[in-house]
Amino acid sequence: MVRAAVLIVFLLSVAGHGRSQTQSYNAIYSFGDSISDTGNLCVGPGGCPSWDDTGKPPYGNTHFGRPTGRCTDGRVIVDFLAERFGLPLLPPSKATGVDFRKGANMAIVGATAMDFEFFRSRGLGGSVWSDGSLGTQILWFQQQLMPSICGTGADCKSYIRKSLFVVGEFGGNDYNAALFTPGKGMAEARSYVPQVVDRITSGVEVLIGLGATELVVPGVLPIGCFPVYLTLYPSSNKADYDETGYLRSFNSLSRYHNDLLKQAVSGLRSKHASVRLMYADFYAQVTDMVRSPETFGLKYGLRVCCGAGGQGSYNYNNGARCGTAGASTCGDPEKYLVWDGVHLTDAAYRSIAGGWLDGTYCSPGILH
């Protein structure tokens, strides 16, 4: 059921109610994939690789006026969290000559929870191209950033204790490796969900060991509601769709992951009583936004803003993706939930950040 008061609650929270009056952080450190990347794929002398459509206009146009390496028209969730706490937008961790003491983003497009060797051993290596697994991102933070952020020893742990860590989401690309590999598919993806959740759990434990005491752990999105899956995996069998027209098996995979992750977060809470672990419910929030976009100040639930204008039910065509010559862009992205068929809009991410802050879709809320 849609929480109709989410926007009102968010406005109250950012106006200075409850914990929001005193809550502050030294910094925000983020780990994840294209949902939260702020430019790591595009850092370097050559900028974004030529094959990366997200490095081309109209990506970034709504807020920045140019592509920034973010896979959306503007900001991502961690940007809105940084703004809420008076911190600068998180620079990509691979950037040089940058001060990371107020935050950094290890997230990178294509990232997985599992390491590449896991996929190679299962015949899925051809569908994984990013070297930025969760374990690798934690090593980036630990070995490359921590010495410049806070040094070593007790002082460093004290600094980290006063920082917010956002760990994910992770899992989407892990499952895509099987879903997009010919001859594999859904059964293969479901078979290793427990291992993916275990890897996320162990990554959170490593960060706790480094001193983190405030961590947001998001679940995965309802992928059966996304235009890319709805378009690439159509079915003539009505039973493959739920009552709202979304792919049952794909959403079932997301729920399976999230159920195990919630159990894992609960276990970590019992084990680390002094640590505040916040489970962010991506699935519930995006499902509500799809079903009732108006509640969140939007107009369109699944119609893609940047893509194959007028094609199919969702303006999505894999051969005319956003950023390519065959794509077109809507003139009112602030009314759209979905930006390019895979990622959400600046407006959607703003609403999601609000749901995490006030606790409507995060347990407990960051401001609670």
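Which residues of helix 12 are buried? Select helix 12, residues 346-358, and keep it highlighted while we set the ground rules.

This is a predicted model, so local features need pLDDT of at least 70 and side-chain atom pairs count only at pLDDT 80 or more, while totals for chains, interfaces and linings use all residues. Residues are numbered from 1 along each chain as its sequence is written, and side-chain values use heavy atoms, with hydrogens and water left out.

**Stop 1: helix 12**

The buried residues here are Asp 346, Ala 347, Ala 348, Tyr 349, Ser 351, Ile 352, Ala 353, Gly 354, Gly 355, Trp 356, Leu 357 and Asp 358. Buried means under 20% relative accessible area, exposed means over 50%, and partly exposed is in between (1.4 Å probe, protein chains only). With 12 of its 13 residues buried, helix 12 is largely enclosed by the rest of the structure. From first C-alpha to last it reaches 19 Å, close to the 18 Å expected at 1.5 Å a residue; the expected span is 1.5 Å times one less than the number of residues. Step just past the end and click Gly 359, which takes a positive phi of about 95°.

**Stop 2: zoom out**

Buried residues make up 58% of the 368 in the chain. Along its principal axes, the C-alpha trace spans about 60 × 50 × 45 Å. Among contacts (heavy atoms within 4.5 Å) between residues at least 6 apart in sequence, 71% join residues at least 24 apart.

**Stop 3: the aromatic rings**

Now show Phe, Tyr and Trp side chains. Rings (for Trp, the six-membered one) pair if their centres lie within 6.5 Å; planes under 30 degrees apart count as stacked, over 60 as edge-to-face and the rest as tilted. By this rule the count comes to 19 aromatic pairs. Start with Phe 119 and Tyr 192: their ring centres are 6.4 Å apart and their planes at 85°, so the pair is edge-to-face. Phe 119 sits in helix 3 and Tyr 192 in the loop between helix 7 and helix 8, so the pair ties together parts that are 73 residues apart in sequence. Both Phe 119 and Tyr 192 are buried.

Next, select Phe 180 and Tyr 233, a stacked pair at 6.2 Å centre to centre with 5° between the planes. Phe 180 is in the loop between helix 6 and helix 7, Tyr 233 in the loop between helix 9 and helix 10, 53 residues apart. Phe 180 counts as partly exposed at 38% relative accessibility, and Tyr 233 is partly exposed too, at 24%.

For a cluster linked by ring pairs, pick Tyr 29, Phe 31, Phe 141 and Phe 165.

**Stop 4: charges over rings**

A charge sits over a ring if NZ of Lys or CZ of Arg is within 6 Å of the ring centre and within 35 degrees of the ring normal. Then go to Arg 84, which lies over the face of Phe 85 at 5.5 Å.

**Stop 5: Pro 88**

Finish in the loop between helix 2 and strand 2, where you'll find Pro 88. Pro 88 is partly exposed, at 43% relative accessibility. Leaving aside neighbours within four places in sequence, Pro 88 is in contact with Ala 82 and Lys 102. Draw a C-alpha to C-alpha distance from Pro 88 to Lys 102: it comes to 7.1 Å, across 14 residues in sequence.

Note on methods. Helix = DSSP H or I, 4+ residues; strand = E, 2+ residues; numbered from the N terminus.
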